[in-house]
Amino acid sequence: MADFDSRENRKKEVIGIVGAGISGLLACKYCLSKGFDPIVFESESGVGGVWSKTIGSTKLQTPKPLYQFSDYPWPDSVTELFPHQQTVLEYIESYACHFDLARHIQFNSKVLSLSYDEDDNDDSSGDLWGEPFSSSSNKGKWNVNVQHSTPTLSTQVYVVDFVIVCVGRFSQIPNIPQFLGNKGPEAFEGEVIHSMDYSKMDPKTAANFVKGKHVAVVGFQKSGIDIAMECSTVNGIERPCTVVVRTPHWNLPDFSPWGLHLGYLYTNRFSELMVHKPGEGLLLSLLATTLSPLRWAFSKFVESYIKRKNRLAQHGMVPEHSFLNDLSSCSLSVLPDGFYDRVEQRSIKLIKKVEIVGFCKEGILLKGQAEPIKSDLVILATGFRGIDKLKHIFESPKYQEFIAGLDDSAAVPLYRECIHPGIPQLAIIGFSESTTNLYTSEIRCRWLAELLDGKFKLPSVKMMEKDIAEWDKYKKRYSYNKYYRGSCIAALHVWHNDQLCKDMGWNPKRKKGFWAEWFEPYGPMDYTG
C-alpha cells in the first residue's frame with residue numbers, strides 16, 4: 001500500500017474531484033503524490049465508473065498492455081489479452097486499494113452543481129489562468145453542491161480551491177432520438193429502453209428480460225453489438241435479434257491486421273509523421289504531405305484485413321469512409337468472437353444503411369419502407385449526451401456556453417484536452433477520448449498535478465485559445481464533419497503526450513535507440529517514473 005500522507009507538510013489548498021471512475025482515481029492519486037488532500041465525490045457505491053455498470057459480456061477494447069496504470073501493471077493471473085468487464089473492474093478496484101484511495105472518496109454522493117463565487121467577473125480575458133489557485137488575479141473559490149444518499153438523504157455545500165471534473169462521456173444522460181408528430185416511443189405497443197438501462201442488469205436478469213422476445217437493437221457501436229450477441233445467445237434463430245445500422249464502421253476482429261500489431265501502423269512516432277499536426281512547422285507539414293500516399297496505403301492495408309476477416313462485402317457492411325476516419329473520431333470497436341457467424345446463422349439480422357423516422361404500433365418505421373421492423377422490445381444503443389451532462393453541472397449560464405463550444409459538434413474546447421481558458425481553477429479529465437482512455441487520462445492527471453504543484457504555468461488565454469483552434473482544425477480534417485466527434489486525439493496520441501511532457505520539463509522521447517523511438521508502439525509503461 002502506498003502512503004502519500006507520510007509527508008510532513010500537507011498543502012492547504014482543497015481540491016474537489018467529481019467522479020471515482022478511472023480519471024477520478026488517477027486525479028486523486030496524483031494530487032496526493034503532490035501533498036494535496038483531495039475530496040472525491042462519487043454518486044455510486046463503488047469505484048470504476050462505466051466499468052461498474054457495463055454489459056456483462058463486454059471485453060476491453062484495447063489490448064491490456066495498452067490499458068494499464070504505469071505504476072500498477074496487470075497481475076500475472078490475468079492472461080487474456082482482452083479481459084472481460086468484471087476482470088477490468090477488479091483491476092481498477094485493486095488499484096484504488098493499493099494506493100489507499102477509498103478513504104478520500106465520499107460514496108453515494110452526487111454533485112448537483114458547481115458554482116464559482118466570482119461568476120460576475122470577466123473570467124475569459126487577460127492572463128486569468130496564470131495561477132491554478134486563488135491569487136491577486138483570481139480570488140474565487142468553487143462551491144460544490146452535493147447530495148448524499150446515505151445514511152439519509154441530505155445536501156451539503158463544500159467550498160474548494162480547485163475542481164477536477166471526471167464525469168466522462170458515456171453515462172447518466174442517454175441520447176434518445178426525437179421524432180416528429182406522434183411517432184415517438186409512446187406510439188409503440190412494446191417496450192423501449194436505452195442500452196444504459198440494459199447495462200445496469202446483471203447477466204441473469206438481462207437474459208430473462210430478452211428471452212422469448214423479438215428484440216431490435218438500434219445502433220452499431222460497442223454496446224449495440226454486445227447486446228445483439230447476448231440476445232442471439234438467449235433466443236437463437238427462433239427469434240433473431242434485429243440490428244438497425246445507420247453507418248457501418250471498420251470494427252476490428254483483433255489488433256493484428258495480417259499478423260502485424262496495429263501499434264506499428266498507428267501508435268508510434270513514424271506513423272504520426274504522416275498526419276498534419278496542430279502547430280506543426282514547415283518541415284513537418286511537408287513530411288505529412290509527402291507521406292500521404294503511405295498514410296493511404298496503411299489505411300487500405302487494415303481495411304483489406306477487416307473486409308476479409310469479417311466478410312464485410314458478403315454482408316453489405318463495407319463502410320464508405322476510411323479506417324483512418326474511424327480511428328480519428330474514436331469510432332472503432334473490437335467485434336466479439338463469432339459476430340458475423342451469428343449473422344450467417346441468422347440469429348442476428350442486420351438492417352443496413354437505413355434511417356429511422358419513428359415508431360408505430362408494431363415497431364420501428366424506416367425511411368422509404370412501408371413495412372416496419374416488428375418487435376416486442378427495442379433497445380436504443382444510441383450513445384449519450386455527454387455535452388449536456390457536463391455543461392449542466394455548472395450553475396453559470398456563461399460557463400455552460402463555454403462548455404458547449406462554438407458549434408454543434410461534440411467538442412469541448414479544452415487546452416491540452418484538460419483546461420477551458422474561460423473557467424478558472426477547474427480542469428476536466430476523461431472527456432476527450434483516445435484509443436486507450438486509461439493511458440490518456442493518466443498522463444493528463446500527471447500533467448495537472450505538476451501544474452497544481454507550481455512546476456510550470458499555462459500560457460495566456462489568447463495562446464490557449466489559438467492552440468485549441470489548431471487542434472479543432474486537425475480533428476475536423478481527419479474525421480470529416482459527418483464523423484466528427486470533436487474530442488478524440490487517437491491518431492496523434494504521441495504528439496499530444498509530447499506536448500504534455502514538454503510542459504512538465506520531461507524528455508518526450510521515452511524509448512532507447514533510434515528504431516524503438518520511431519517505429520515501436522508507445523504505451524503507458526513508456527511513461528513510468
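My entries follow, starting with the ground rules.

**Ground rules.** I am working from a predicted model, where local features need pLDDT of at least 70, side-chain atom pairs count only at pLDDT 80 or more, and totals for chains, interfaces and linings use all residues. Residues are numbered from 1 along each chain as its sequence is written, and side-chain values use heavy atoms, with hydrogens and water left out.

**Entry: helix H1.** I looked up H1, residues 22–33 (helices are DSSP runs of H or I, at least four residues, and strands are runs of E, at least two, numbered from the N terminus). 12 of its 12 residues are buried, so H1 is largely enclosed by the rest of the structure (buried means under 20% relative accessible area, exposed over 50%, partly exposed in between, with a 1.4 Å probe and protein chains only). Those buried residues pack against E1, E2, H2, E3, E7 and H15. Just after H1, I noted that Gly35 has a positive phi of about 90°.

**Entry: the largest nonpolar core.** This core has 60 residues, and Ile15, Leu25, Ile164, Trp447 and Leu448 touch the most other members (a nonpolar core is a set of buried Ala, Val, Leu, Ile, Met, Phe, Trp, Tyr and Cys residues joined through side-chain atoms within 4.5 Å). H15 gives the most to this core, with 9 residues.

**Entry: Lys222.** I found Lys222 in helix H5, residues 222–235. Is Lys222 buried or exposed? Lys222 counts as buried, at 16% relative accessibility. Its contacts (heavy atoms within 4.5 Å) include Thr58, Gln61 and Pro336, leaving aside residues up to four places away in sequence.
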